[in-house]
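Here's a quick briefing to read alongside the model.

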Amino acid sequence: MRASPSPTRRALIGGAAAAALARPALGGTPPRVVVVGAGFGGATAARCLAAGGVDVTLIEAAERYVTCTGSNAVVVGLRGIQAQTFGYEAFDRAGLSFVRGAANAVDAAARRVILGDGTALPYDRLILSPGIELRFDAVPGYDAKAAEAMPHAWKAGEQTVLLARQLEAMPEGGTVVISVPANPYRCPPGPYERASLIAHLLKTRKPKAKLVLLDAKDTFSKQKLFEAAWAKLYPDVLEYVPLASGGAVTEVDSAAMVVRTDFAEYKADVACIIPPQRAGRIAAQAGCADRSGWCPIDPVTFESRLVPGVHVIGDAAIAGAMPKSAFSANSQAKVCAQAVIDLLAGREPESPKLINTCWSLVAPGNGISIAGVFRPTDGLLADVPGAGGISPLDAPEEVRAQEAAYGESWYRTITRDVFG
């Protein structure tokens with residue numbers, strides 16, 4: 001299915017008219033909004049606010065942005081990491097101030113963001129789009145050092161390349177072990193796409209090798225579609241172990257390359273350990289994260305339920321039924337930006353509808369997808385009954401090829417729109 005434009009409460013925040021509406025709230029002075037994080041959520045929000053005449057500053061510590069979306073193709077050698085890497089040069093032409101540096105702290109009482117060099121940036125509204133932090137305390141034996149031997153590759157970049165190199169170097173007849181955490185985490189179908197593509201690599205290039213997929217849950221996104229593909233394409237390559245069969249990892253030994261569960265011990269030649277996650281560090285420091293590690297938000301405005309004047313979008317937010325994905329972050333950013341303009345102008349934001357579509361590959365050129373529409377319901381974002389859809393289970397090969405092409409087309413479009 002094709003991606004539809006993410007719906008917002010108005011057409012994408014429109015130029016001078018929106019600017020004229022935004023300014024009066026502060027007596028003629030353009031309102032000041034700071035956005036932390038220049039990924040799919042933060043960069044989109046900053047662009048929309050700038051288009052609406054808002055004085056916006058976008059803060060990002062990284063030199064370049066490496067997208068997790070599509071990075072499984074890098075893991076198996078279908079494309080290079082450069083295809084996932086984008087610069088920030090276009091932001092200089094977007095009418096916003098771009099600050100390359102770390103946002104170390106938020107003083108919510110004074111409404112200031114403190115940078116790593118001590119600079120304080122004042123704001124009238126703050127949008128946090130910090131992504132995720134990996135919980136290296138969650139799996140005994142697994143920490144940042146262990147990740148050098150057992151890469152997670154769940155933050156794209158060096159880890160992605162490391163996993164790709166390990167798979168390339170793995171001997172024929174070797175064993176790959178992947179562990180998947182319990183919900184919630186970034187990109188719910190991502191581990192299963194990764195398993196599918198690695199299984200394809202093994203089947204075609206290392207036919208005596210095996211893959212064991214250990215899962216800390218029994219159900220997952222697009223499950224019937226993935227399992228049907230595995231049964232058809234990789235029956236002698238991929239072994240799936242759900243929670244009920246002992247799939248939850250209880251310990252790893254990176255020196256011995258051993259992954260343990262309550263029921264078994266797996267000796268791996270390559271181990272990909274995807275740990276549990278939480279909102280990026282700045283969200284917790286700002287007081288926006290609850291005991292779950294994620295950030296409860298108002299589903300209309302994405303304003304934090306814990307810290308007034310601060311909005312949280314993307315993976316860090318508790319968005320109800322809406323999954324943590326690049327598509328979701330982009331949709332949320334547009335809705336949040338319009339809500340911020342409305343709030344600064346003293347207007348009541350309208351209740352939005354948002355869309356998410358996610359494509360996955362079960363083999364090169366063989367795609368599946370799921371789409372959903374969401375709206376605020378009882379304080380959370382809930383599925384709109386009867387909206388959205390999922391790929392048919394019995395689709396012919398040409399439809400699967402079209403799905404794969406649609407996903408690649410969407411990736412080119414969204415990265416061009418966000419990063420220029």
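Let's start with Arg347, which is partly exposed at a relative accessible area of 23%. Its salt-bridge partner is Asp342, with the closest N and O atoms 2.8 Å apart. Asp342 itself counts as buried, at 0% relative accessibility. Keep in mind that this is a predicted model.

**Salt bridges**

- The structure has 15 salt bridges in total.
- Glu133 and Arg278 pair up through their side chains, at 2.9 Å from N to O. That pair ties together distant parts of the chain, with Glu133 in strand β10 (residues 132-134) and Arg278 in strand β18 (residues 277-279), 145 residues apart.
- Glu133 is partly exposed at 26% relative accessible area, and Arg278 is also partly exposed, at 27%.
- Asp137 bridges to Arg135, with 3.6 Å between the closest N and O atoms. Here Asp137 is exposed, at 55% relative accessible area, while Arg135 is partly exposed at 28%.
- Glu251, Arg260 and Glu265 join up in a network of salt bridges.

**Helix packing**

- Helix α5 (residues 190-205) packs with helix α6 (residues 223-233) at an angle of about 10°, and their axes lie 11 Å apart. Angles under 35 degrees count as roughly parallel, so α5 is roughly parallel to α6.
- On the α5 side, the contact uses Tyr192, Glu193, Ser196 and Lys203; α6 brings Phe226, Trp230 and Leu233.
- By type, the residues in this α5 and α6 contact split into 4 nonpolar, 1 polar and 2 charged.

Note on methods:
Residues numbered from 1 in each chain as written. Predicted model: local features only at pLDDT ≥ 70, side-chain atom pairs only at ≥ 80, totals over all residues. Heavy atoms only, no water. Axes fitted to C-alpha atoms, helices over the stretch in contact; angles between N-to-C directions. Helix = DSSP H or I, 4+ residues; strand = E, 2+ residues; numbered from the N terminus. Parallel < 35°, antiparallel > 145°, perpendicular 65-115°, else oblique. Contact = heavy atoms within 4.5 Å. Nonpolar A, V, L, I, M, F, W, Y, C, P; charged D, E, K, R; others polar. Salt bridge = Lys/Arg side-chain N within 4 Å of Asp/Glu carboxyl O. Buried < 20%, exposed > 50% of the residue type's maximum accessible area, 1.4 Å probe, protein only.
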